[in-house]
Amino acid sequence: MNQPQTNTSLFSRLRFVLVETSHPGNIGAVARAMKTMGFSQLVLVNPRFPDAVHQEEAIAFASGAQDILASAKIVGGIEEALEGCNFAAALSARLREYSPPVTTPRALASTLVDDGSLNAALVFGSERYGLPNQIIEKCNVLINIPANPDYSSLNLAQAVQLLAYEARMAAGGDRIAQSPIGFHGDAASLTQVDGMYEHLEKALIAIEFLDPDNPKKLMSRLRRLFSRTQLETEEVNILRGIARHILARIGKNQAE
Ligand code: SAH
């Protein structure tokens with residue numbers, strides 16, 4: 001076994017191993033599922049068609065992930081597929097009497113992220129037969145995707161998608177997704193926000209929505225409402241603009 005790399009990103013420590021896959025379309029769809037989640041190491045153990053990655057169906061299903069297909073490693077046995085790994089997880093829809101400890105995709109993903117010394121393989125079975133016991137017994141854990149007990153067998157590529165997604169989320173993928181999209185202006189300062197409340201209060205008094213002798217909790221409630229959002233300078237200016245117009249209108253009406 002190779003020396004494990006320590007603390008490198010999960011994306012370079014995780015490989016997807018498909019055992020005896022029948023349908024080239026599934027191999028293509030697996031490549032796509034992996035690439036959408038940022039993974040690239042695909043190993044095929046004895047696919048039914050040795051040239052599966054070049055078949056039209058595989059290429060069509062891979063869509064924009066043909067680079068993953070093209071760099072897939074094709075091997076003759078599970079030992080070769082696991083070379084360089086110090087951890088392997090078998091994926092099975094069926095629980096067996098004798099198997100390594102059973103865990104979920106989410107728990108596995110967090111273990112893989114937490115322990116940067118793990119070079120891991122996720123091992124998936126064939127469409128028709130799943131994984132043989134001899135392969136399951138070689139693995140450290142058995143992963144079962146919780147599903148409808150009356151019909152728990154997912155399509156191969158969908159099972160891969162789910163594992164790749166969980167691995168990405170555990171590696172902080174949701175933070176990546178929350179990176180600024182669209183407009184994000186400067187956060188308003190406390191002074192700007194206080195100025196806005198004063199301005200709004202004057203306007204609300206002017207239209208007699210707020211009675212200064214009996215204000216109740218109106219301003220506190222409005223503060224609470226706005227404090228739930230991160231107001232930006234531009235937004236504070238819009239609200240002050242509304243207050244200014246109210247005051248201008250009221251002033252004009254009173255002058256008439
Ligand atoms: N007919 C096969 C299942 C084939 S599905 C059987 O009875 O075992 C192809 C592969 O997708 C499975 O070998 C497994 O690796 C994965 N898979 C599908 N559903 C799964 C589930 N609910 N949990 C874990 N792996 C699953």
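Predicted model: local features only at pLDDT ≥ 70, side-chain atom pairs only at ≥ 80, totals over all residues.
Residues are numbered from 1 along each chain as its sequence is written, and side-chain values use heavy atoms, with hydrogens and water left out.

Let me begin with the overall division of the chain. The domain assignment gives domain 1, covering 10–178, and domain 2, covering 190–255, where the bounds come from an automatic or database domain assignment. The C-alpha centres of domain 1 and domain 2 lie 57 Å apart.

I turn now to the sheet. When I speak of helices (H or I, at least four residues) and strands (E, at least two), I mean DSSP runs numbered from the N terminus, and two strands pair if DSSP finds at least two bridges between them. Strands of a sheet pair through backbone hydrogen bonds, either parallel or antiparallel. Here 7 strands form an open sheet in the order E3-E2-E1-E6-E4-E7-E5, and the pairing is parallel. E3 and strand E5 (102–103) stand at the edges, each with a single partner strand, so one side of each is left without a neighbour in the sheet.

Starting from the E3 side, E2 and strand E3 (residues 73–75) pair in the parallel sense over 3 bridges, and within that pairing Leu-44 has Ile-74 in E3 as its bridge partner. On to E1: strand E1 (residues 14–19) is joined to E2 by 5 bridges, and the two run parallel, with Phe-16 standing opposite Leu-42 in E2. Strand E2 (residues 41–45) is mostly covered, since 4 of its 5 residues are buried, and by buried I mean under 20% relative accessible area, with exposed over 50% and partly exposed in between (1.4 Å probe, protein chains only).

Strand E4 deserves a moment of its own. E4 is mostly covered as well, with 5 of its 5 residues buried, and the cover extends to both faces, with Phe-87, Ala-89 and Leu-91 on one side and Ala-88 and Ala-90 on the other. As for its partners, strand E4 (residues 87–91) runs parallel to strand E6 (residues 120–124) and is joined to it by 4 bridges; Ala-89 has Leu-122 in E6 as its bridge partner, and Ala-88 stands opposite Ala-121 in E6. E4 is also joined to strand E7 (residues 141–143) by 3 bridges, again in parallel, and there Ala-90 stands opposite Leu-142.

Next, the helices. Two packed helices are described by the angle between their axes and the distance between the axes; the axes are lines fitted to C-alpha atoms, for helices over the stretch in contact, and angles run from 0 to 180 degrees between N-to-C directions. The axes of helix H5 (residues 105–114) and helix H7 (residues 156–170) come within 8 Å and cross at roughly 45°. H5 and H7 are therefore oblique to each other, given that angles under 35 degrees count as roughly parallel, over 145 as roughly antiparallel, 65 to 115 as roughly perpendicular and the rest as oblique. Helix H9 (residues 190–206) and helix H10 (residues 218–227) pack at an angle of about 135°, with their axes 11 Å apart, and that makes H9 oblique to H10.

Glu-20, in the loop between E1 and H1, has a phi near 50°, a positive value in a residue other than glycine, and Glu-20 counts as partly exposed at 45% relative accessibility. Lys-216, in the loop between H9 and H10, likewise has a positive phi of about 50° although it is not a glycine, and with a relative accessible area of 70% Lys-216 is exposed. Ala-187 sits in the loop between helix H8 (173–177) and H9 and is partly exposed, with a relative accessible area of 45%. The C-alpha atoms of Ala-187 and Val-236, 49 residues apart along the chain, are separated by 9.6 Å.
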